[in-house]
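Trainee: Could we go through this structure together? I would like to begin with how charged side chains pair.

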Amino acid sequence: MRILSITAQKPSSTGSGVYLTELVKEYAAKGHEQAVVAGVYEEDEAELPEGVKLYPVYFSQDGKGCGGREGEGFREGGSVSLPFPIAGMSDEMPYKSTRYCDMTPEMAEQFKEAFLKAVARAVKELSPDIVLCHHLYFLTALVREAFPGLKVYGFCHNTDLRQMKKTDLERGFIREQIKRLDHIFVPQRAQEEGVKEIYGVSSDKITRVGMGFNRKIFHVTGERPSDGITRLVFAGKIAEKKGVVSLMRSLCLLGDLGKEIEVFLAGSSGNEDELGLICELSKKAPVKVTFLGRLSQAELSKVYNRCDIFVLPSFFEGIPLTVIEALACGDRAVMTDLPGIREWLSEAVPGADVLFVEMPEMRNADEPVKSGLPGFERRLADALCESIRKGKTRLADVSGISWEGIAERVISCARTDRT
């Protein structure tokens, strides 16, 4: 089968980028012919399998276009460009980005022209049997409208639901075109309900596919030190909406336990002000906090294997890939009680060693009400104390989760549509 995957963002950064890349790897292993359209910066390196063609849309260029590069999946003369930073589905991306709410009509038109040019070239050269668009948002809607004769499928990554609630950009157009997709894949029940509510899509056009992880990279290696120190790790965007500010404050509530722990923050930040605040708060905490920066998956696996507790205090997620990877590496977890996650984990990872922390009151999908933060931070600190005192992890059975399973469910759906 010939498969074209499309994303407006980097194909190897953030959860949705990893999702796209891992599916591409699975399809490459099965011998499918593929291409990818993605938004990138010129200095980015593609992390796609050999033989997969990348049709890049370069952001932060002068708008005149730029020659493609051979190797790393780039095609000679196949690139187009935009004069502003990558449009991010989250308001805070781990790299320089443009918020959709800040897009002017001129920028939206430039975005449309650049991506449709790249997609048209990919469609002409690949002649895809199916098109897999990541995020039920502006680019997916543009592709659906521009190529009515193609089988176009959409993946919901949760941030698209948030954008539809918060941002006025082409909302009516997006909703109408998303309804016309041939099928939609969602991580779990909460996103299915959101898709039905926001886009008016019927249940028979939605399939829950869950989340996968790379078991070749993320597994127990036996490298965990036995020196009496409990090591905590957070992985993701170093941002307030990921709960990192609250995590730093909660560390100050650990009392004497703070002398027995170390905290590692893996990830980058696209907001220098927030990063500065987090750094200042880390200095006030009675624990050693180490900023590791953005890590490769192999490097992150080593960190998980040296740590004991994975912490995810985020205020908004779909299905967080990081918690699955950490559980696979033998960590226990402390995380916010995000909508649908407890239910999904109980089905997908039965018996997982996870403590859930009640969320503060929320507004605009991902913004905690400030008055509720002290209570949330106290609950987070209590859960951390409980997990620290536990001292031993009950290993999780993650055998039921795989990218291979998701890839096969998507292809099965496509084959059914063609018969």
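This is a predicted model: local features need pLDDT of at least 70, side-chain atom pairs count only at pLDDT 80 or more; totals for chains, interfaces and linings use all residues.

Trainee: Which residue does glutamate 367 meet in a salt bridge, then?

Mentor: Its partner is arginine 363, with an N to O distance of 4.0 Å.

Trainee: How many salt bridges does a search of the whole structure find?

Mentor: The search returns 25. One of them joins arginine 99 to aspartate 102, whose closest N and O atoms are 2.9 Å apart. Arginine 99 has 35% relative accessibility and is therefore partly exposed; aspartate 102, at 41%, is partly exposed as well.

Trainee: And what does glutamate 408 pair with?

Mentor: Glutamate 408 forms a salt bridge with arginine 415, and the closest N and O atoms lie 3.6 Å apart. Their relative accessible areas are 39% for glutamate 408 and 41% for arginine 415, so each counts as partly exposed.

Trainee: Changing topic to the fold, how many helices and strands does the chain have?

Mentor: It has 13 helices and 18 strands. The C-alpha trace spans about 65 × 45 × 40 Å along its principal axes.

Trainee: Why would one say that the radius of gyration agrees with a compact globule?

Mentor: Because a compact globule of 419 residues would have a value near 22 Å, and the chain has 21 Å. Buried residues make up 59% of the 419. Of the contacts between residues at least 6 apart in sequence, 70% join residues at least 24 apart.

Trainee: Let me pick a helix. Which residues of H9 are buried?

Mentor: In H9, residues 297-306, the buried residues include Leu300, Val303 and Tyr304, along with Ser301 and Asn305.

Trainee: And what covers them?

Mentor: The cover includes strands E11 (230-235), E12 (261-266), E13 (288-293) and E14 (309-312), together with helix H10 (321-328).

Trainee: Now a loop. Where does serine 13 lie?

Mentor: Serine 13 is in the loop between strand E1 (2-6) and helix H1 (14-29). With a relative accessible area of 5%, serine 13 is buried. Leaving aside neighbours within four places in sequence, it is in contact with Pro94, Tyr95 and Arg294.

Trainee: Last one: is isoleucine 86 buried or exposed?

Mentor: Isoleucine 86 is buried, at 0% relative accessible area, and lies in strand E5, residues 86-88. Not counting residues up to four places away in sequence, isoleucine 86 touches Ala8, Gln9, Val40, Phe59 and Tyr95, among others. Its C-alpha atom is separated by 42 Å from that of lysine 259, 173 residues apart along the chain.

Conventions: Residues are numbered from 1 along each chain as its sequence is written. Side-chain values use heavy atoms; hydrogens and water are left out. Helices (H or I, at least four residues) and strands (E, at least two) are DSSP runs, numbered from the N terminus. The radius of gyration is taken over C-alpha atoms; the globule rule is 2.2 Å times the number of residues to the power 0.38. Buried means under 20% relative accessible area, exposed over 50%, partly exposed in between (1.4 Å probe, protein chains only). Contact means heavy atoms within 4.5 Å. A salt bridge is a side-chain nitrogen of Lys or Arg within 4 Å of a carboxyl oxygen of Asp or Glu.
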